[in-house]
Amino acid sequence: MYYAREPGKINHMRYDTLAQMLTLGNIRAGNKMIVMETCAGLVLGAMMERMGGFGSIIQLYPGGEPVRAATACFGFPKSFLSGLYEFPLNKVDSLLNGTFSAEMLSSEPKDSASVEESNGTLEEKQTSEQENEDSMAEAPESNHPEEQETMEAISQDPEHKEPKERGGKKDYIQEKQRRQEEQRKKRLEAAALLSERNADGLIVASRFHPTPLLLSLLNFVAPSRPFVVYCQYKEPLLECYTKLRERGGVINLRLSETWLRNYQVLPDRSHPKLLMSGGGGYLLSGFTVAMDNLKADTSLKSNASTLESHKTEEPAAKKRKCPQSES
């Protein structure tokens, strides 16, 4: 539905491309997956559906909160959400450097809550003053005495004011604080899961450049695990491909484009449709391997020395001199 009506919200990701991502990423029940996507939660929902509520998914999100509009359309039960964690993207560097602490997450929501409480009292005063001014302005204009009497009775009734102004605002603030506490706990749990650096896979499908994202997030993935990167264009993935080859630690790198053709199947007139999708994006996939620079350097040096020794030594057949023919 998103691809047919609003493909820009999902970065023009076609449904066969999404299926290829789930297959190449080895999404299955019991996995511990990392996903970074800006496709309105479509990739996240597809992963949750395939995992069936077993395992854990850590969603990295830019901005204040993750966007899960498409995930809500799947209609998952609450048991599926128990294994879903979230972590802000701007705290990934501090987690990699070892400078991450719980105060970095706990300080921000508390300050915002206190600011909201102070703003709430100001907003109540402002709204009450505005309502009084509006009622005074509208009163002389209205010519119906019955409407004026009903409006005055509602405004003078104290029972009508209490649930809206007093009880409603307090309940709203308490509910918001409770949600912030739950989000803070989830983010701390996600930080603990990421710090283990043993994720079973990585999926990246965002509107940002994939190279810095992938190079930083691959540190959280265990060896011999798949990763998949989606991009609408080929050039960013080509740069990402070359950077990964220079960095090392990955094998079986493959840059592919999914191709789809729709057919009209009718008696005696089956043919490909004239109006079909021109492109469904590009995928960069591969597997992680353990990097040991010291061993790699020694093995390369030993291989180079053996090659040089083979080059200096000539075979015995070449050392023999050919007998000179007497003229």
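Mentor: A salt bridge is a side-chain nitrogen of Lys or Arg within 4 Å of a carboxyl oxygen of Asp or Glu. Keep in mind that this is a predicted model.

Trainee: Why is the contact between Arg-178 and Glu-175 called a salt bridge?

Mentor: The closest N and O atoms of Arg-178 and Glu-175 are 2.4 Å apart. The cut-off is 4 Å, so the pair counts as a salt bridge. Side chains of opposite charge can pair when their charged atoms come close.

Trainee: Where do Arg-178 and Glu-175 lie?

Mentor: Both are in helix 9, residues 158-195. They are three residues apart, which is about one turn of the helix.

Trainee: Which residues are linked in a network of salt bridges?

Mentor: Glu-175, Arg-178, Arg-179 and Glu-182 are linked in that way. The structure holds ten salt bridges.

Trainee: Why do Arg-178, Glu-175 and Glu-182 count as partly exposed?

Mentor: Partly exposed is the range between buried, under 20% relative accessible area, and exposed, over 50%. Arg-178 has 39%, Glu-175 has 29% and Glu-182 has 44%. Each value falls in that range, so each residue is called partly exposed.

Trainee: And Arg-184, is it buried or exposed?

Mentor: Arg-184 has 8% relative accessibility, which is under 20%, so it counts as buried. Its side chain meets that of Glu-181 in a salt bridge, at 2.4 Å from N to O. Arg-184 and Glu-181 are both in helix 9, three residues apart. Glu-181, at 35%, counts as partly exposed.

Trainee: How do you know that strand 1 is mostly covered?

Mentor: Count its residues: strand 1 covers residues 32-37, and six of its six residues are buried. Lys-32, Ile-34 and Met-36 point one way, while Met-33, Val-35 and Glu-37 point the other way. In a regular strand the side chains alternate between the two faces of the sheet.

Trainee: Why do you say that strand 1 and strand 2 pair?

Mentor: Pairing requires at least two bridges. Strand 1 and strand 2 (residues 56-61) have five, so they pair, in the parallel sense. One of the contacts can be named: the bridge partner of Ile-34 in strand 2 is Ile-58.

Trainee: How many bridges join strand 1 to strand 4?

Mentor: Five bridges join them, and the two strands run parallel. Strand 4 covers residues 201-205. In that strand, Ala-205 stands opposite Glu-37.

Trainee: Which elements make the right-handed β-α-β unit?

Mentor: Strand 1, helix 3 (residues 42-51) and strand 2 make it.

Trainee: What makes the phi of Ala-40 worth a remark?

Mentor: Most residues other than glycine have a negative phi. Ala-40 has a phi near 60 degrees, a positive value in a residue other than glycine. Ala-40 is in the loop between strand 1 and helix 3, and at 13% relative accessibility it counts as buried. Asn-26 also has a positive phi, near 55 degrees. Asn-26 sits in the loop between helix 2 and strand 1 and, at 38%, counts as partly exposed.

Trainee: How many disulfides are found in the whole structure?

Mentor: The search finds zero. Take Cys-240: the nearest cysteine sulfur, that of Cys-231, is 9.4 Å away. A disulfide needs the sulfur atoms within 2.5 Å, so Cys-240 is in none.

Trainee: Why is Cys-240 called buried?

Mentor: Its relative accessible area is 0%, which is under 20%, so the term applies. Cys-73, at 61%, is over 50% and therefore counts as exposed.

Trainee: Which residues form a nonpolar patch on the surface?

Mentor: Ile-251, Phe-287 and Val-289 form it, with about 230 Å² of accessible area together. Phe-287 is in strand 9, residues 282-288.

How values were computed. Residues are numbered from 1 along each chain as its sequence is written. This is a predicted model: local features need pLDDT of at least 70, side-chain atom pairs count only at pLDDT 80 or more; totals for chains, interfaces and linings use all residues. Side-chain values use heavy atoms; hydrogens and water are left out. Patches are made of residues with over 30% relative accessible area and no salt bridge: like charges are joined within 9 Å, nonpolar side chains (Val, Leu, Ile, Met, Phe, Trp, Tyr) within 5 Å. Accessible areas come from the Shrake-Rupley method with a 1.4 Å probe; for residues, only the protein chains shown count as cover. Helices (H or I, at least four residues) and strands (E, at least two) are DSSP runs, numbered from the N terminus. Buried means under 20% relative accessible area, exposed over 50%, partly exposed in between (1.4 Å probe, protein chains only). A crossover is right-handed if, with the strands pointing away from the viewer, the path from the first strand over the helix to the second runs clockwise.
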